[in-house]
Amino acid sequence: MDDLEIPPLRSMNDFVLESARFSAPAVGNPTRWANRVIDNLLYYQTNYFLALVILFLIVGYINPVQMTWGIIIVVGSFLGFCYWTSNKRDVNNFKKEHPVICFIGLASFIWLLIYLLGSILVFFWGIAVPMTLIVIHASLRMRNMKNKMSKKLESLGLKRTPMGIILFNIGLEEQARS
């Protein structure tokens with residue numbers, strides 16, 4: 001964890017305003033689309049985490065108990081998934097071969113637990129909507145040269161960031177590299 005680097009907060013001008021360029025993703029080319037999303041997730045991760053925290057705080061202020069349960073379930077499920085996939089060779093191989101299936105399975109498991117606790121609306125507004133907005137922004141935002149360089153440094157292992165660790169544990173970063 002000593003080599004963990006927190007990228008800088010990108011300016012609003014670069015993130016969504018004047019210099020930001022948006023276009024429809026290459027839906028016909030899933031590899032190219034995945035590369036765009038992962039590049040943007042890595043480059044704008046501080047902005048995305050900040051937006052997520054702000055929305056968490058707003059929803060948490062309105063429904064603190066349900067939001068706390070939602071956070072406990074999401075974090076606990078993710079840590080359990082990481083532990084399980086790192087200690088079981090067969091499961092780890094499956095995660096590497098089918099990262100999207102693993103991600104959908106993890107998301108479904110989290111949704112089921114939150115549904116059983118009756119906090120589905122809090123989950124929806126506090127977690128699902130912000131994450132959907134992040135994926136939409138990452139899909140539509142065109143990459144720039146700084147963005148591509150940042151991803152290369154991350155993929156070479158020269159720097160480690162929180163989003164890089166999350167994507168690696170889910171198995172999505174390796175998918176985009178190939």
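Me: Why is Ser77 called buried?
Reply: Ser77 has a relative accessibility of 10%. Buried means under 20% relative accessible area, exposed over 50%, and partly exposed in between, with a 1.4 Å probe and protein chains only. So Ser77 counts as buried.

Me: What kind of model is this, and how are residues numbered?
Reply: It is a predicted model, in which local features need pLDDT of at least 70 and side-chain atom pairs pLDDT 80 or more, while totals for chains, interfaces and linings use all residues. Residues are numbered from 1 along each chain as its sequence is written, and side-chain values use heavy atoms, with hydrogens and water left out.

Me: Where does Ser77 sit, and which residues does Ser77 touch?
Reply: Ser77 is in helix α4. Leaving aside residues up to four places away in sequence, Ser77 touches Leu106, Phe109, Ile110 and Leu113. Contact means heavy atoms within 4.5 Å. Between Ser77 and Ile110 the C-alpha distance is 6.7 Å, across 33 residues of sequence.

Me: Why is Val53 called partly exposed?
Reply: The relative accessible area of Val53 is 41%. That value lies between the 20% and 50% cut-offs, so partly exposed is the label. Val53 belongs to helix α3 (residues 45–62). Its C-alpha is 9.4 Å from that of Gly126, 73 residues away in sequence.

Me: How many helices and strands does the protein chain have?
Reply: There are 10 helices and zero strands. Both are DSSP runs numbered from the N terminus: helices are H or I with at least four residues, strands E with at least two. Buried residues make up 35% of the 178 in the protein chain.

Me: What makes α4 roughly perpendicular to α5?
Reply: Helix α4 (residues 64–87) and helix α5 (residues 89–97) pack at about 110°, their axes 5 Å apart. Angles of 65 to 115 degrees count as roughly perpendicular, under 35 as roughly parallel, over 145 as roughly antiparallel, and the rest as oblique. So α4 is roughly perpendicular to α5. The contact involves Phe81, Trp84, Thr85 and Asn87 of α4, with Arg89, Val91, Asn92 and Lys95 of α5. Axes are lines fitted to C-alpha atoms, for helices over the stretch in contact, and angles run from 0 to 180 degrees between N-to-C directions.

Me: Why is Ile136 called partly exposed?
Reply: Ile136 has a relative accessible area of 42%, so Ile136 falls in the partly exposed range. Ile136 is found in helix α7.
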